[in-house]
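Visitor: I am new to this structure. Please show me how to read its features.

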Amino acid sequence: MTDMLKNCQLCPRACGADRTKSRGACGAGIEIEAARASLHMWEEPPISGTNGSGTVFFSHCSLGCVFCQNRKISRREAEGQNITADALAKTFLSLEKKGAHNINLVTGAHYVPQIIEALQIARKQGLSLPVVYNSSGYEQVETLQLLDGHIDIYLPDYKYYSSYYAGLYSHAEDYREFAVPAIDEMVRQTGAPQFDQNGLLKRGTVIRHLMLPGLAGDTAQVLRDIASRWGDSVLVSLMRQYTPFDMQDYPELDRTITAEEYANACTLFGELGLGGFFQQDESISESFIPAFDGTGLEEN
């Protein structure tokens, strides 16, 4: 499958880079780069559970969100360390031994061929946990189809309804053109949410929407679109954790979400009959940003 990296079309940028020789538009080359693997308690309750989600943070990203909290690892010159598919498989197994409820792949679209290889290795060695694909929502359907049968839970963002805001804040005017069919494919693969006897999610799609300052109208359109397209086939996580830093070039984003903005969105959420999760105001904190220091990654 690594032949796919010789003319990379894995993400909507479709840059065509030969990643065996150079880096793609996202910043990724032929080697998997990751920055941390750990038990993560800050996902939605049925994903984190009591022990935590076995989260692997991959370096680089196909989007360019100006407000990205993980910018240390998402940019082209991202922090991270090289790791082979064998070492990634060992990392998955190590997280399982530590008590993780699932394996959580954060922003891994540009490494899908290598991730599939690692999952196959780990399954042969006894990995039995559900696998979560934690995504910006900016995905190629064809790449997601490669993951069919490997992923149990999809955790995509639905960031914007407006192409204007998507272009302004994530450098991707075509964001929604790709996110909607991508989520369609995710829901097709997982079906409606399924829980185990302990209330942990074992299969399904959870759509996240991070509210941004001043974009209450866009949030309302996103929620209406989710309700009309997917209804009770998905869960929705309405997030208020936006934390501004280094936003001098975007002063309109240099504040947190107000209680009124969030309350109004929650009211609409209920009126639309959506099911899912809200966040308390204590979620507004940089404590959500872990140390990207290579913790938990197994050696090659």
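Guide: Helices (H or I, at least four residues) and strands (E, at least two) are DSSP runs, numbered from the N terminus. This is a predicted model, in which local features need pLDDT of at least 70, side-chain atom pairs count only at pLDDT 80 or more, and totals for chains, interfaces and linings use all residues. Residues are numbered from 1 along each chain as its sequence is written, and side-chain values use heavy atoms, with hydrogens and water left out.

Visitor: What does UniProt list for residues 57–149?

Guide: The unreviewed UniProt entry lists "domain: Radical SAM core" there. UniProt positions are given in the numbering used here, feature names are shortened, and annotations may be inferred rather than shown by experiment.

Visitor: Is strand β8 mostly covered or uncovered?

Guide: Buried means under 20% relative accessible area (1.4 Å probe, protein chains only). In β8, residues 201–210, seven of the 10 residues are buried, so the strand is mostly covered.

Visitor: Which way do β6 and β8 run?

Guide: Two strands pair if DSSP finds at least two bridges between them. Strand β6 (residues 153–156) runs parallel to β8, with two bridges; Tyr154 has Thr205 as its partner in β8.

Visitor: How many bridges join β7 to β8?

Guide: Two, and these strands run antiparallel. Gln194 stands opposite Arg203 in β8. The hairpin has five residues between its strands, and Gly199 takes a positive phi near 80°.

Conventions:
Buried < 20%, exposed > 50% of the residue type's maximum accessible area, 1.4 Å probe, protein only.
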